[in-house]
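Hi,

Here is the structure I promised to pass on.

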Amino acid sequence: MIQLKHIHHIAIICSDYEKSKQFYTEILGLEIVREVYREERKSYKLDLALNGNYCIELFSFPNPPERPSTPEAQGLRHLAFAVEDLNQTVAFLESKSIDVEPIRIDEFTQKRFTFIADPDRLPIEFYEL
């Protein structure tokens with residue numbers, strides 16, 4: 001059996017690099033670890049951290065195909081972040097003109113959660129601790 005330690009990172013390919021960079025850093029508050037432009041690929045790679053922990057690689061590529069997401073498609077379903085106060089999170093997102101789905105209750109844990117979409121319609125969940 002493989003001895004996994006933890007999830008190292010999640011890779012996301014975006015369609016508009018500057019828009020996604022702004023969303024993940026200025027809206028979600030992720031910290032930039034490293035940003036490089038790879039001329040041979042015409043691609044940016046932005047390494048992001050949450051509370052000092054490396055977690056997301058944001059890539060740009062010329063003309064990436066759209067990801068089917070509605071109805072549910074195979075593959076990564078969504079990215080989820082834990083939050084202390086869901087009401088405060090929702091209020092902040094709405095103040096940035098981000099559409100927030102109605103708050104739901106997890107039927108098994110009774111915890112509250114909601115979803116938004118990133119600039120490429122990738123579902124982002126906020127799950128209250």
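Let me start with a pair of charged residues: the side chains of Glu66 and Arg121 meet in a salt bridge, with 3.6 Å from N to O. A salt bridge here is a side-chain nitrogen of Lys or Arg within 4 Å of a carboxyl oxygen of Asp or Glu. Glu66 sits in the loop between strand S4 (53–60) and S5, and Arg121 in the loop between S7 and S8, so the pair ties together parts that are 55 residues apart in sequence. Glu66 counts as exposed at 66% relative accessibility, and Arg121 is partly exposed at 46%. For these words, buried means under 20% relative accessible area, exposed over 50%, and partly exposed in between (1.4 Å probe, protein chains only).

Before going on, a word on the source: this is a predicted model, in which local features need pLDDT of at least 70 and side-chain atom pairs count only at pLDDT 80 or more, while totals for chains, interfaces and linings use all residues. Residues are numbered from 1 along each chain as its sequence is written, and side-chain values use heavy atoms, with hydrogens and water left out. Helices (H or I, at least four residues) and strands (E, at least two) are DSSP runs, numbered from the N terminus.

Other salt bridges

A search of the whole structure finds eight salt bridges. One of them joins Glu35 to Lys21, with the closest N and O atoms 3.0 Å apart. This pair links distant parts of the chain, with Glu35 in strand S2 (residues 31–38) and Lys21 in helix H1 (residues 17–27), 14 residues apart. Glu35 counts as partly exposed at 35% relative accessibility, whereas Lys21 counts as buried at 18%. Glu101 and Arg104 also meet through their side chains in a salt bridge (3.0 Å, N to O). Glu101 is partly exposed at 39% relative accessibility, as is Arg104 at 38%.

An open sheet of four strands runs in the order S5-S8-S7-S6, with mixed pairing. Strands S5 (79–83) and S6 (104–105) stand at the edges with a single partner strand each, so one side of each is left without a neighbour in the sheet. Two strands pair if DSSP finds at least two bridges between them. S6 and strand S7 (residues 112–117) run antiparallel and are joined by two bridges, and Ile105 stands opposite Arg112 in S7. Helix H2 (residues 86–95) lies across S5, S7 and strand S8 (123–128), at about 20 degrees to S7. That angle is between N-to-C directions, on a scale from 0 to 180 degrees, with axes fitted to C-alpha atoms, for helices over the stretch in contact.

Tyr127 lies in strand S8. Its side chain makes a polar contact with the side chain of Asp106 (3.2 Å). Not counting residues up to four places away in sequence, Tyr127 touches residues including Phe81, Val83, Lys111 and Phe113, where contact means heavy atoms within 4.5 Å.

Backbone notes

Most residues other than glycine have a negative phi. Asn63, in the loop between S4 and S5, has a positive phi near 55 degrees. Ser97, in the loop between H2 and S6, has a positive phi near 60 degrees. Asn63 counts as exposed at 75% relative accessibility, and Ser97 counts as exposed at 68%.

Best wishes

Terms used
A polar contact is a pair of N or O atoms within 3.5 Å; within protein, one must be able to donate a hydrogen and the other to accept it, and residues adjacent in sequence count only if both atoms are side-chain atoms.
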